[in-house]
Amino acid sequence: MAFLKTQERTKERFSLLLLDLEEYYFEQHTAYHVTSKDKKERTIRGSFKVCSRSIVFDPEDLEEPILKIPLRDCKKIEFVEKEQNPFHEPRPSALTVLCGQVIHIKDSNVIAPYRHERGTKKITFQLEVWNKTEDVVQTLLQLHRASCLEKVGDQTAMIAANLQSRLARSSFDKNYFQSVAEKPHMECAVEMVLPLVSNPGHVCITDENLYFQPLSGYPENVIQIKLHRVRRIYKRRHGLRPLGLEVFCTENDFCSDIYLKFYSTADRDEIYYYIATFLENHMTEHTAESYMLQWQRGHLSNYQYLLHLNNLADRSCNDLSQYPVFPWVLADYTSAQLDLTSAATFRDLSKPVGALNKERLDGLLARYRGMPEPRFMYGSHYSSPGYVLFYLVRVAPEHMLCLQNGRYDHADRMFNSVGDTWKNCLEGATDFKELTAEFYGTDCSFLENRLILDLGRRQNGSLVGDVVLPPWASDASDFLQKHKQALESQFVSEHLHEWIDLVFGFKQRGSEAVVAQNVFHPLTYEGSIDCDSIEDTDQRIAMLTQILEFGQTPKQLFSSPHPHRITPRFHNITRSPSISSPISDLSPASQGEDSSFEDLTEESRKFAWANMGSLEVISSDKIHKEAVTGIAVTRDGAAIFSTSQDSTLKMFSRELKDFQRSMSFSNMALSSCLMLADGKTVVCSSWDNNVYFYSVPYGRRQDTLMGHDDAVSEICWFEDRLYTASWDSTVKVWQCAADNSSSHRRSQFEVLAELEHDAGVNTVGLNPAGTLLVSGCKDGTVTIWDTSSYGTLQQVHCHTGTIHHVAFSPDSRHVLSVSADSCMKVTDVQTGMVISSVKADEEQRCFCWDGNSVLCGGQSGDLLLWDLLSNTVTKRISAHAGAVTAMWMSELCTTVITGGEDRQLIFWKLPS
């Protein structure tokens with residue numbers, strides 16, 4: 001398995017995966033971390049590592065955590081001279097770092113989500129070789145300047161210049177040659193590529209060996225490959241540029257022995273042709289056609305053939321954006337016995353995953369037909385780094401933590417069940433992923449939590465453990481064995497060429513792809529964009545990052561229909577009409593009798609959204625003098641609070657059907673409100689730049705938070721953090737002190753971060769896990785933020801008018817935004833791509849959504865139910881006499897409350 005093979009080279013606790021994406025490890029020094037407690041000084045020995053964007057300290061004591069200090073969070077880095085006061089014990093020279101954040105990794109040597117220690121802190125290190133301290137400080141100051149540059153392009157350029165300078169000042173150490181008789185042919189600077197990381201150094205090729213020497217000496221001083229052992233070499237695209245070279249010492253393994261990225265195509269080609277010439281008597285250079293003939297005649301298995309096609313199409317286990325892709329071949333994950341003689345057991349290989357469900361496909365095609373050029377049917381890809389690690393997180397947890405900023409995905413979005421994942425690929429609005437080669441291999445560790453990782457607890461209370469397998473598999477090994485049998489079965493052998501046409505062949509692009517309903521976003525195709533032609537460095541980096549994260553379509557290998565396999569029929573396969581029938585006939589009938597409460601809750605929500613068009617008015621009450629701006633409800637639903645532009649907060653009793661309290665904090669409009677989890681405090685935002693806390697038990701204002709220079713437009717809360725959005729172009733993050741948090745006194749709030757925008761922020765929202773924040777501005781920009789680092793993940797200028805409302809989908813994968821330009825847009829969180837855009841007949845002011853359907857409040861006062869798959873209004877419900885300005889929906893989605901410019905609150909319910 002690729003991830004296990006790449007980890008065999010080092011048993012160190014430190015890994016390049018602890019660095020940020022695109023970060024380099026430069027040098028290391030033995031050092032001591034000096035700490036003091038109760039006036040007692042303590043030194044911890046370890047390795048002080050200088051990286052391009054951070055300082056990493058790896059203690060020798062495995063119980064101590066690895067410390068990572070991002071350079072961008074450093075306020076001061078200083079050299080402290082050696083103390084030679086005769087009255088004190090002499091102290092060696094040291095370096096001190098004053099920083100705003102320290103990241104703790106692998107505490108007690110356990111792989112787990114990173115712990116962020118925030119707050120200004122001074123950290124002291126003493127190098128074992130004292131006289132190097134000042135040089136190290138100068139290096140860190142230079143890298144610190146790079147990390148603090150405003151533009152990402154400028155940061156990247158300065159770090160690249162530092163790297164090239166280091167490479168130019170060093171060369172391959174020929175003392176590592178295995179024989180004094182070896183004759184060097186060529187040497188140049190390269191990077192060794194592994195999943196998610198690059199390791200710069202020097203390559204040297206002789207008449208006997210290929211050597212790579214890492215600049216940092218990690219994971220070992222030199223890596224050697226004997227040329228007579230090489231069986232295959234491939235040129236690779238890396239970062240969309242022809243700079244990669246991958247070397248294999250095996251014939252059929254899909255994990256290579258080394259993957260190198262060169263800084264020039266000429267250097268890459270020279271080494272490639274030198275190896276190819278040297279080995280012409282030892283190996284044959286295969287083409288797609290030569291492998292095809294071997295497969296046709298039965299000399300290669302289906303598995304081996306797919307591996308070879310992936311290799312020829314630039315797919316590599318060292319590049320997660322181009323990881324080898326394999327098909328789902330089965331459609332039965334519910335039967336007790338697997339019947340490989342029935343066609344109904346198998347997936348239709350003539351269609352892409354997105355076209356397997358006719359109902360979903362109809363919606364996608366309707367959207368496609370109404371889309372401007374360049375059009376695409378599927379807004380997400382079938383293979384991407386996120387999807388690969390979704391499957392492999394149990395064997396590659398550090399890769400997942402690296403990709404997701406030190407966090408695992410939400411427990412309910414993990415790879416928990418083979419059957420549920422297949423079901424979601426059939427029914428999910430944006431889930432079209434295929435499988436990886438591991439599903440047809442022999443190592444079942446990716447299906448089992450052998451590392452006993454704490455991957456989180458699901459909403460039904462269960463811990464994420466081993467993957468739940470289909471009933472027909474007795475254990476993980478049995479699953480892989482039967483899955484491999486299915487891949488090599490007669491049905492798949494007869495139809496595999498149809499899938500190859502879609503992924504590697506003539507139906508991959510052009511008019512044939514349109515006919516085959518196989519059109520993905522244009523950026524996923526090779527040659528769709530020349531990143532080098534984009535002059536703005538920031539834009540070029542953003543575009544490249546977007547393409548790599550989104551996933552890439554393989555290189556096209558065949559331009560005409562792929563021939564079928566010449567294979568004898570060992571047994572008859574009963575052809576069932578269900579193989580081409582709508583997918584509802586193929587999907588699992590039920591989830592079993594032991595469905596958890598959470599499953600029932602989710603089913604209730606799905607049922608509610610399926611019937612949302614049946615909403616009925618229960619009552620309507622005019623309790624404000626101007627437009628309603630916010631609605632909050634107590635957990636038991638007994639009391640409803642609403643804010644208005646008339647400056648009042650009002651409490652309405654559901655039981656008495658009348659408002660009981662009215663509170664005014666100033667003469668300015670209130671813009672939003674929320675209820676804290678304790679049910680005792682309502683928080684309101686105001687146009688007077690303040691946030692007010694109202695005590696429900698005491699019926700009075702509890703406190704005021706004066707936080708902004710202009711109107712506070714909206715607020716949200718998660719655990720102990722308050723997020724306030726303002727027209728002063730900022731979102732501020734406040735932390736409430738843990739002690740006696742129910743009082744929420746202003747003195748207990750500390751500003752953790754100030755998120756700058758280019759225009760006034762009109763709306764803000766959090767994802768369900770509180771790990772992502774989205775903001776919408778008056779200039780039409782949607783920005784997605786990481787709430788652990790407060791860094792920008794995506795910034796998309798997708799509207800031409802003020803954004804009224806933004807919200808994450810329940811699975812946190814997408815953001816929906818509505819704006820004064822009357823457009824509704826869905827943005828993919830991972831890539832920043834706008835994957836759906838709808839132009840409505842009127843402005844939509846507020847909404848609730850489940851990821852597929854949207855209940856919107858329009859400027860006309862009507863409620864509109866939108867289906868995002870078909871981009872159509874499925875129901876229009878008369879509601880208010882003016883624009884709908886606020887909306888609240890219950891957890892089970894069966895009750896809705898709306899507020900409008902007509903000053904009314906309307907209570908809605910789905911019929912039982």
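Is D319 buried or exposed, and what is its relative accessible area? In this predicted model, D319 is buried, at a relative accessible area of 10%, where buried stands for under 20% relative accessible area, exposed for over 50% and partly exposed for values in between, with a 1.4 Å probe and protein chains only. Residues are numbered from 1 along each chain as its sequence is written, and side-chain values use heavy atoms, with hydrogens and water left out. Because the model is predicted, local features need pLDDT of at least 70 and side-chain atom pairs count only at pLDDT 80 or more, whereas totals for chains, interfaces and linings use all residues.

**View 1**
D319 lies in the loop between α6 (302-312) and α7, the helices (H or I, at least four residues) and strands (E, at least two) being DSSP runs numbered from the N terminus. The C-alpha atoms of D319 and F652 are separated by 57 Å, and the two residues are 333 residues apart along the chain. T120, in strand β7, is exposed, with a relative accessible area of 53%. From T120 to H880 there are 760 residues in sequence and 51 Å in space, C-alpha to C-alpha.

Helix α2 covers residues 133-147, which makes 15 residues, and reaches 21 Å from its first C-alpha to its last. This is close to the 21 Å expected at 1.5 Å a residue, the expected span being 1.5 Å times one less than the number of residues in the helix. The buried residues of α2 include V136, V137, L140 and L143, and T133, T139, H144, A146 and S147 are also among them.

**View 1. A salt bridge between K106 and E398.**
The side chains of K106 and E398 meet in a salt bridge at 3.0 Å, N to O, a salt bridge being a side-chain nitrogen of Lys or Arg within 4 Å of a carboxyl oxygen of Asp or Glu. The pair links distant parts of the chain, with K106 in the loop between β6 (94-105) and β7 (115-127) and E398 in helix α9 (residues 397-403), 292 residues apart. Both K106 and E398 are buried. In general, side chains of opposite charge can pair when their charged atoms come close. By the rule given here, the count comes to 33 salt bridges.

D786 and R407 meet through their side chains in a salt bridge of 3.2 Å, N to O. D786 lies in strand β30 (residues 781-786) and R407 in the loop between α9 and α10 (418-427), so the pair ties together parts that are 379 residues apart in sequence. D786 is buried, with a relative accessible area of 1%, while R407 counts as partly exposed at 21% relative accessibility. K433 forms a salt bridge with D431, the closest N and O atoms being 2.9 Å apart, and both K433 and D431 are buried. Salt bridges that share partners also join R236, R237, E246, D314, E526 and K555 into one network.

Y218 and P219 are joined by a cis peptide bond with omega of about 5 degrees, and P219 is found in the loop between β10 (209-214) and β11 (223-226). A cis peptide bond likewise joins E373 and P374, where omega is about -5 degrees. P374 lies in the loop between α7 (358-369) and α8 (385-392).

**View 2. Positive phi at E22 and S812.**
E22, a residue other than glycine, has a positive phi near 65 degrees and lies in the loop between α1 (2-7) and β1 (25-37). S812, also not a glycine, has a positive phi near 65 degrees and is placed in the loop between β32 (803-808) and β33 (814-819). E22 is exposed, with a relative accessible area of 62%, whereas S812 is buried, with a relative accessible area of 6%.
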